[in-house]
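This report is meant for someone meeting the structure for the first time.

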Amino acid sequence: TQNKFEQAAVAIFIAMVLDALDGRVARMTNTQSAFGAEYDSLADMASFGLAPALVMYEWSLNSLVDVSYVLGKLGWLGAFLFAACGALRLARFNVRASNTDKRYFQGLPSPAAAALVIGFVWACHDNGIAGETVNLVSLPLIVFAGLLMVSNISFYSFKDIGFHNKVPFFAMLI
């Protein structure tokens with residue numbers, strides 16, 4: 001809310017890195033618990049649901065109010081839809097976590113959806129593009145990312161890739 005969009009984007013991307021590590025560290029140290037899993041989902045909701053929605057709204061979507069009252073409400077609704085879809089995505093993941101194929105996610109994972117939204121904000125901000133000039137792109141983007149989270153589309157999880165053996169140099173480059 002202080003127009004520090006680049007710092008917000010960096011913080012969300014750092015949260016993505018830490019989110020990728022927390023579950024692995026808990027499994028490696030044999031400290032995983034049901035409480036930890038639920039707490040992780042709460043942190044994911046804040047980091048990958050609410051934060052990207054707020055950043056996108058403050059950066060671009062709130063300027064729709066200046067265009068018209070109806071478009072202003074659509075900007076607010078788009079940000080809310082993203083956050084709500086993030087919550088639904090995490091709830092569905094938690095309910096189905098024990099009996100699904102671990103190689104695939106149903107619906108776009110919330111960190112990936114956040115990366116899509118925040119990556120757009122960060123790229124535009126770094127290139128000097130003001131949010132109000134691309135608000136008619138921002139709105140469909142955040143709605144699309146939100147709906148992908150609750151879709152039935154399968155996304156590969158990369159969880160079955162093992163790094164315990166030697167990894168060829170070519171694979172590391174890729």
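Asn30 counts as exposed, because its relative accessibility is 62% and the cut-off for that class is over 50%. This residue lies in the loop between α1 and α2, and in the model, which is a predicted one, its phi is near 55 degrees, a positive value in a residue other than glycine. Asn3 also has a positive phi, near 60 degrees, and is likewise a residue other than glycine. Asn3 is found in the segment before α1, the helix that spans 5-28, and with 54% relative accessibility it counts as exposed.

Other residues of interest sit within helices. Ser41 lies in helix α2, Asn94 has its place in helix α4, and Ser110 belongs to helix α5, which covers residues 110-126. The table sets out the accessibility of the residues discussed here.

| Residue | Relative accessibility | Class |
|---|---|---|
| Asn3 | 54% | exposed |
| Asn30 | 62% | exposed |
| Ser41 | 10% | buried |
| Asn94 | 27% | partly exposed |
| Ser110 | 4% | buried |

Which residues does Ser41 touch, leaving aside its neighbours within four places in sequence? With those neighbours set aside, Ser41 is in contact with Leu90 and Asn94. Because its relative accessibility is 27%, Asn94 counts as partly exposed, whereas Ser41, at 10%, counts as buried.

Helix α2 (residues 34-59) and helix α4 (residues 69-96) pack at an angle of about 165 degrees, and their axes are 9 Å apart. An angle over 145 degrees counts as roughly antiparallel, and α2 and α4 are therefore roughly antiparallel to each other. Their crossing is right-handed. On the α2 side, the residues that make the contact include Glu38, Ser41, Met45, Phe48 and Tyr57, while among those of α4 are Trp76, Phe82, Leu90 and Asn94. Sorted by class, the contact of α2 with α4 has 12 nonpolar, 5 polar and 2 charged residues.

Ser110 of helix α5 is in contact with Phe48, Arg89, Leu90 and Met149, once its neighbours within four places in sequence are left aside. Of these partners, Phe48 of α2 and Leu90 of α4 also take part in the contact between those two helices. Ser110 counts as buried because its relative accessibility is 4%, and the cut-off for that class is under 20%.

The chain as a whole can now be considered. There are 7 helices and 2 strands in it, and from the N terminus on the order of these elements is α-α-α-α-β-α-α-β-α. Of the 174 residues of the chain, 33% count as buried. Among the contacts in the chain with a separation of 6 or more, 84% involve residues 24 or more positions apart. The chain exposes about 10800 Å², and carbon and sulfur atoms supply 67% of that area.

Notes
Residues are numbered from 1 along each chain as its sequence is written. This is a predicted model: local features need pLDDT of at least 70, side-chain atom pairs count only at pLDDT 80 or more; totals for chains, interfaces and linings use all residues. Side-chain values use heavy atoms; hydrogens and water are left out. Helices (H or I, at least four residues) and strands (E, at least two) are DSSP runs, numbered from the N terminus. Buried means under 20% relative accessible area, exposed over 50%, partly exposed in between (1.4 Å probe, protein chains only). Contact means heavy atoms within 4.5 Å. Accessible areas come from the Shrake-Rupley method with a 1.4 Å probe; for residues, only the protein chains shown count as cover. Axes are lines fitted to C-alpha atoms, for helices over the stretch in contact, and angles run from 0 to 180 degrees between N-to-C directions. Angles under 35 degrees count as roughly parallel, over 145 as roughly antiparallel, 65 to 115 as roughly perpendicular and the rest as oblique. A crossing is left-handed if the near helix is turned anticlockwise from the far one by less than a right angle, and right-handed if clockwise. Ala, Val, Leu, Ile, Met, Phe, Trp, Tyr, Cys and Pro count as nonpolar, Asp, Glu, Lys and Arg as charged, and the others, Gly among them, as polar.
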